[in-house]
Amino acid sequence: MAFGKSAEEKAAEREAAEREAAAAAAAAAAAKERKAYLASPIGQATTAKEQHQGFFEVQLIVGSSQRSTSVFDPAGSTSGTSRTVSHAGTLAGIEAVGWRLEHVGYVFIVTGEASHDRVFGAGENIAVTGQTVGIYLFRNTDMV
């Protein structure tokens with residue numbers, strides 16, 4: 001009678017442990033993916049639909065503006081970058097879940113401001129930084 005496990009038994013145990021580890025990793029990845037989906041606008045719309053809510057509102061950043069100004073700019077101009085983002089796919093995905101876009105509004109949220117007195121003239125240069133946010137209100141198509 002053998003005192004320990006055979007090489008085949010050790011290999012089988014190792015393969016079983018590797019399968020269990022792979023299954024656990026796959027389950028963790030699926031749970032992480034599900035959590036990310038539920039946090040997304042389409043996931044939130046799905047949850048609201050499952051809860052039979054009549055309306056669903058989502059706020060999405062559709063643009064941003066980074067501006068700066070210089071003390072030495074005699075023209076008083078500002079410089080910077082602007083960026084826009086399209087959420088057409090997200091809005092279509094929300095409608096595909098069973099919502100109808102009812103109303104849209106946009107607001108500009110100031111996130112920063114810089115000002116300098118002009119060196120060669122009266123007044124001051126002001127540069128405003130911020131984001132444009134779209135506020136989208138959807139109606140549940142089952143309750144129309």
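In this predicted model, the side chains of Arg-139 and Glu-102 come together in a salt bridge, with 3.4 Å from N to O. Arg-139 belongs to strand S4 and Glu-102 to strand S3 (residues 99-117), so this pair ties together parts of the chain that are 37 residues apart in sequence. Glu-102 has another partner too: Arg-100 forms a salt bridge with Glu-102, and their closest N and O atoms are 2.8 Å apart. Through these shared partners, Arg-100, Glu-102 and Arg-139 are joined into one network.

A search of the whole structure finds four salt bridges. One of them pairs Lys-49 with Asp-142. This pair links distant parts of the chain, 93 residues apart: Lys-49 sits in helix H2 (residues 41-50), while Asp-142 lies in the segment after strand S4 (124-140). Are its two partners buried or exposed? Lys-49 is buried, because its relative accessible area of 13% falls under the 20% cut-off. Asp-142 is exposed, because its 62% is over the 50% cut-off.

| Salt bridge | N to O distance |
|---|---|
| Arg-139 and Glu-102 | 3.4 Å |
| Arg-100 and Glu-102 | 2.8 Å |
| Lys-49 and Asp-142 | 3.1 Å |

Now let's turn to helix H3. Which residues of H3 (residues 88-97) are buried? They are Leu-91, Gly-93 and Ile-94. Looking down the axis of H3, you would find these buried residues within an arc of 160°, so they line one face of the helix. On the face of H3 turned away from the buried side are the exposed residues Gly-89 and Ala-96. After H3 comes Gly-98, which has a positive phi, near 125°.

Finally, step back to the whole chain. It contains three helices and four strands, arranged along the sequence in the pattern α-α-β-β-α-β-β. The chain has 144 residues, and 20% of them count as buried. Its accessible surface comes to about 9800 Å², with 57% belonging to carbon and sulfur atoms. Among contacts between residues at least 6 apart in sequence, 67% join residues at least 24 apart.

Note on methods
Residues are numbered from 1 along each chain as its sequence is written. This is a predicted model: local features need pLDDT of at least 70, side-chain atom pairs count only at pLDDT 80 or more; totals for chains, interfaces and linings use all residues. Side-chain values use heavy atoms; hydrogens and water are left out. Helices (H or I, at least four residues) and strands (E, at least two) are DSSP runs, numbered from the N terminus. Buried means under 20% relative accessible area, exposed over 50%, partly exposed in between (1.4 Å probe, protein chains only). Contact means heavy atoms within 4.5 Å. Accessible areas come from the Shrake-Rupley method with a 1.4 Å probe; for residues, only the protein chains shown count as cover. The arc is that of the directions from the helix axis to the C-beta atoms.
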